[in-house]
Amino acid sequence: MPEEQLLLPLQGRSDITLADLPARAFAPVLSALAQLRAGQLGEVCIWGAPGAGRSLLLSAFVSDVARDAGQAVLLPLRQVVFMPPEMLDGLESCPLIVLDDIEAVAGWPAWEEGLFNLYNRLQASGGRLLFSACTPPSGLPLQLPDLRSRLARASAHALPAPDDDVL
């Protein structure tokens with residue numbers, strides 16, 4: 001009997017690209033994303049306060065990667081944390097994994113362990129990881145020390161504070 005595939009109604013925004021962001025305000029973040037795409041960085045964390053545009057930035061990044069015929073998987077963790085963490089199995093076959101709101105898994109032991117294992121498999125396969133958070137990686141409220149220490153290795157970049165004049 002063939003396995004059934006679960007279709008998830010998860011979509012990023014494709015109506016915005018990285019070029020739509022004000023280059024001067026986002027210069028350090030855009031530079032880190034370019035280095036990630038080029039394989040010069042293996043892990044990048046984009047962090048900022050709620051409303052700073054983390055999810056929008058990740059969607060724009062994935063949209064740009066797809067437009068250039070690259071492969072990336074975007075997982076909005078707030079939407080999937082109630083599902084079995086086994087959905088992470090096999091994701092390391094994609095060269096770029098993008099996780100939005102990584103703090104959403106804090107306090108979910110199976111998800112923290114699943115992300116720890118995915119991180120290790122990505123490292124072994126040469127994959128890259130981009131994740132967003134509300135704090136720098138060292139301040140994430142994760143219970144699994146090994147996951148916290150792995151994510152703390154990421155090149156961390158703060159988004160500018162939300163400012164209607166900048167956007």
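## Helix H4 and its end

H4 is followed by Gly 126, a residue whose phi is positive, near 80°. Helices (H or I, at least four residues) and strands (E, at least two) are DSSP runs numbered from the N terminus. This is a predicted model, in which local features need pLDDT of at least 70 and side-chain atom pairs count only at pLDDT 80 or more, while totals for chains, interfaces and linings use all residues. Residues are numbered from 1 along each chain as its sequence is written, and side-chain values use heavy atoms, with hydrogens and water left out.

Helix H4 covers residues 109-125, which is 17 residues. From its first C-alpha to its last it reaches 24 Å, close to the 24 Å expected at 1.5 Å a residue; the expected span is 1.5 Å times one less than the number of residues.

## The buried side of H4

Which residues of H4 are buried? They are Trp 111, Glu 112, Gly 114, Leu 115, Phe 116, Leu 118, Tyr 119 and Leu 122. Buried means under 20% relative accessible area, exposed means over 50%, and partly exposed lies in between (1.4 Å probe, protein chains only). An α-helix has 3.6 residues a turn, so residues three or four places apart point the same way.

The buried residues of H4 pack against strands S1 (43-47), S3 (96-100) and S4 (128-133), and against helices H3 (77-80) and H5 (145-151). Contact means heavy atoms within 4.5 Å.

## Leu 96 in strand S3

Leu 96 is found in strand S3 and is buried, with a relative accessible area of 1%. Not counting residues up to four places away in sequence, Leu 96 touches Leu 36, Phe 61, Val 65, Gln 71, Ala 72, Val 73, Arg 128 and Leu 129.

## Salt bridges

The structure holds seven salt bridges, each a side-chain nitrogen of Lys or Arg within 4 Å of a carboxyl oxygen of Asp or Glu. One of them joins Arg 37 and Asp 68 at 2.7 Å, N to O. Arg 37 lies in helix H1 (residues 23-37) and Asp 68 in the loop between helix H2 (54-67) and strand S2 (73-76), so this pair ties together parts 31 residues apart in sequence. Arg 37 is partly exposed, at 32% relative accessible area.

Glu 103 forms a salt bridge with Arg 54, with the closest N and O atoms 3.8 Å apart. Because Glu 103 lies in the loop between S3 and H4 and Arg 54 in helix H2, the pair ties together parts 49 residues apart in sequence. Both Glu 103 and Arg 54 are buried. Glu 92 and Arg 121 also meet in a salt bridge, at 2.7 Å, N to O. Glu 92 lies in the loop between H3 and S3 and Arg 121 in helix H4, so parts 29 residues apart in sequence are tied together. Salt bridges that share partners join Arg 54, Arg 78, Asp 101 and Glu 103 into one network.

## The cavity

A search of the whole structure finds one cavity of 30 Å³ or more. On a 1 Å grid over the protein atoms alone, a cavity is a set of points where a 1.4 Å probe fits but cannot get out, and lining residues have an atom within 4 Å of a point. The largest cavity has a volume of about 40 Å³, a volume being the space filled by probe spheres set on the points, which are joined across faces, edges and corners.

H4 gives the most to the lining of the largest cavity, with four residues. Among the lining residues are Leu 115, Leu 118, Tyr 119 and Leu 122.

Conventions
On a 1 Å grid over the protein atoms alone, a cavity is a set of points where a 1.4 Å probe fits but cannot get out, and a pocket is an open set with protein on both sides within 12 Å along at least five of seven lines; lining residues have an atom within 4 Å of a point.
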